Amino acid sequence: MKEFRNMAFPYVIWIAVMIVAPMLLILLYAFTTAGNDVTTFHFTLENFTRFFSDMVFLEVLRRSLFIAIITTVICIVLGYPIAYIIANSQIKHQVRLILMITIPTWINMLVRTYAWMGILQDNGLVNQILGFFGIGHVTLLYTDFAVILGMVYNFIPFMILQIHASLTKMDKSYLEAASDLGADKVQSFLKITLPLSLPGVISGITLVFLPAVSSFFIPKLLGGGQYVLIGNVIESQFLTSGDWNFGSAISVIMAIIIMFSMYLTKKVDKDESAKGGDTV
Amino acid sequence: MKQKRIFSKLVLLLTGLFFYLPILYIIVFSFNDGRSLTKFEGFSLRWYDKMFSDSSMMEALGYTILIACIATVVSTIVGTLTAIGLSRSRKIMRSLVMQINDLPVLNPEIVTAIGLLMFFSSLGISKGLGTLILAHIMFCIPYVILSVTPKLRSLDPNLADAALDLGATPFQALMQVIVPQITPGILSGALIAFTMSFDDFIISYFVTGNGISNISIIVYTMSKRINPSINALSTVVILLITIALILINIIPIIQEKKKGRNAK
């Protein structure tokens, strides 16, 4: 059994250097002031107080959360029926349909987001179609709508795939039992299918909310240069203004928000299933 | 019942349209004669011509392929060896490594990116091709490990031990007993690594320097102005990834067929 064991050692060193050390650096920078070198650390919370005392940054944070939550809700509302329909189609179609959902996710996100710029432009495809129906020009590009559309487009496949996976794992005999006991379609959906697919929805939320709240190129391409979300603030701290301490602090704040929302969704999931257990 | 089926078909049709419209749009407009991204003015290959004579685009394409190939080879070898090693390590060790291994997969990409940026800078490593390759290897290995590990779990550990007892060297046991049985996992890991590296934007954007760009960075910087050669470049990218995807989906089918034939 012990043979081959030490083949994992190089990677242990690698992750210590390439994964753990950079994470520790972020924490170190977040809690120190600018210009310190290795010998004179000066720990401070200044970077955090600066963020929370500036209305501009708080507004950016509020908007990032708003956009990410709206995106997640839309992904659930649209993604659930799609996943449900796929899960209820014939097996041989299912493989093809899942492939149809997966393939776009493998194609460069930036390229696919860039494509929407052309479609949403003032005289782009959407406006041409609207014009055909006699609806006048609508400004779409560089709006909240465009940013949310871009995020839903990029992230909804993850939601569909997670919900589909949990729906196909479900034991179909529960549904038969329910209908034998006289439940109608709506009842058995609400009492059986929905609760059992909840874990899929939860992991879907994680996979959508996390990239949505930290995204920075979707808002830049589809929201325009003036459109700033928290990801853009982090980007500019590192690549334009060079304030690594403040940038690190913002990414720590973002990471805490993400962890907190993960915890919250997991808790809701647990409470829900506990409740379900009581009524059954 | 029939109405319901038509409704389902309609939903799926709209879903397909939503997913593929932007991709088709790019491909169609890469053959547009005019500069416009909204009006098709006739078929032409001029943007492809322009793309092939644009040295920065060709360089980016070359770097993207070079980085993806190196990252794929290195991460596949290291990832596979690590997964095998971990499958025989103590449980504490294994779960610790797997948890850290998950970090780049679960973390927002921008956090991984700034961590690496600061890490390279504090070590005084100048940003460029070297840092790009290191970063790509770093985020590719976890995917290889994640796709090889399940295959190892279904493997009989006694087989390798039997080979060793019968006088095989550890290297022989590795190459002739273990690796052949987990080849599907290794191959799919390699292809995932290739596409992850090929498509990467965020991490590359932060750790690059010295004027070195990959395709995503070029698209990002050029998209601020209208430049239809981006469409041509994007079409080439879509084509390359589609080929990789077809390989991913066809290789298991061919292997299954081979297995079936051998069994007969």
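A:Arg50 forms a salt bridge with A:Asp243, with 3.1 Å between the closest N and O atoms. A salt bridge is a side-chain nitrogen of Lys or Arg within 4 Å of a carboxyl oxygen of Asp or Glu. This pair links distant parts of the chain, 193 residues apart. A:Arg50 sits in helix H2 of chain A, and A:Asp243 in the loop between helix H11 (230–239) and helix H12 (244–279). Helices here are DSSP runs (H or I, at least four residues), numbered from the N terminus. A:Arg50 counts as partly exposed because its relative accessibility is 39%. Buried means under 20% relative accessible area, exposed over 50%, and partly exposed in between (1.4 Å probe, protein chains only).

The model is predicted: local features need pLDDT of at least 70, side-chain atom pairs count only at pLDDT 80 or more, and totals for chains, interfaces and linings use all residues. Residues are numbered from 1 along each chain as its sequence is written, chains are lettered from A and ligands numbered from 1 in the order in which they are written, and side-chain values use heavy atoms, with hydrogens and water left out.

The whole structure holds four salt bridges over all chains. One of them joins A:Glu59 and A:Arg62 at 3.0 Å, N to O. Both residues lie in helix H3 (residues 55–87) of chain A, three residues apart, about one turn of the helix. A:Glu59 is partly exposed at 33%. A:Arg62 is partly exposed at 46%. In chain B, B:Asp161 pairs with B:Arg88, the closest N and O atoms being 3.5 Å apart. These two are 73 residues apart: B:Asp161 is in helix H7 (residues 157–165), B:Arg88 in the loop between helix H3 (55–87) and helix H4 (91–106) of chain B. B:Asp161 is buried, at 16%. B:Arg88 is also buried, at 6%.

The contact between the chains takes 83 residues from chain B and 68 residues from chain A. Contact means heavy atoms within 4.5 Å. The two chains bury about 6900 Å² between them, 80% of it on carbon and sulfur atoms. Buried area is the accessible area (1.4 Å probe) that two parts lose on being put together, summed over both. B:Phe19, B:Arg88 and B:Met118 supply 10% of the area that chain B buries against chain A, more than any other three residues. Between the chains there are zero salt bridges. Helix H1 (residues 2–30) of chain B gives the most to the side of chain B that touches chain A, with 13 residues.

The largest nonpolar core has 159 residues. Such a core is a set of buried Ala, Val, Leu, Ile, Met, Phe, Trp, Tyr and Cys residues joined through side-chain atoms within 4.5 Å. B:Ile178, B:Phe201 and B:Phe206 have the most contacts inside this core. H7(A) gives the core its largest share, 13 residues. Beyond its neighbours within four places in sequence, B:Phe201 contacts residues including A:Leu110, A:Phe216 and B:Tyr220.

A:Tyr142 is partly exposed, at 47%. B:Asn210 is exposed, at 69%.
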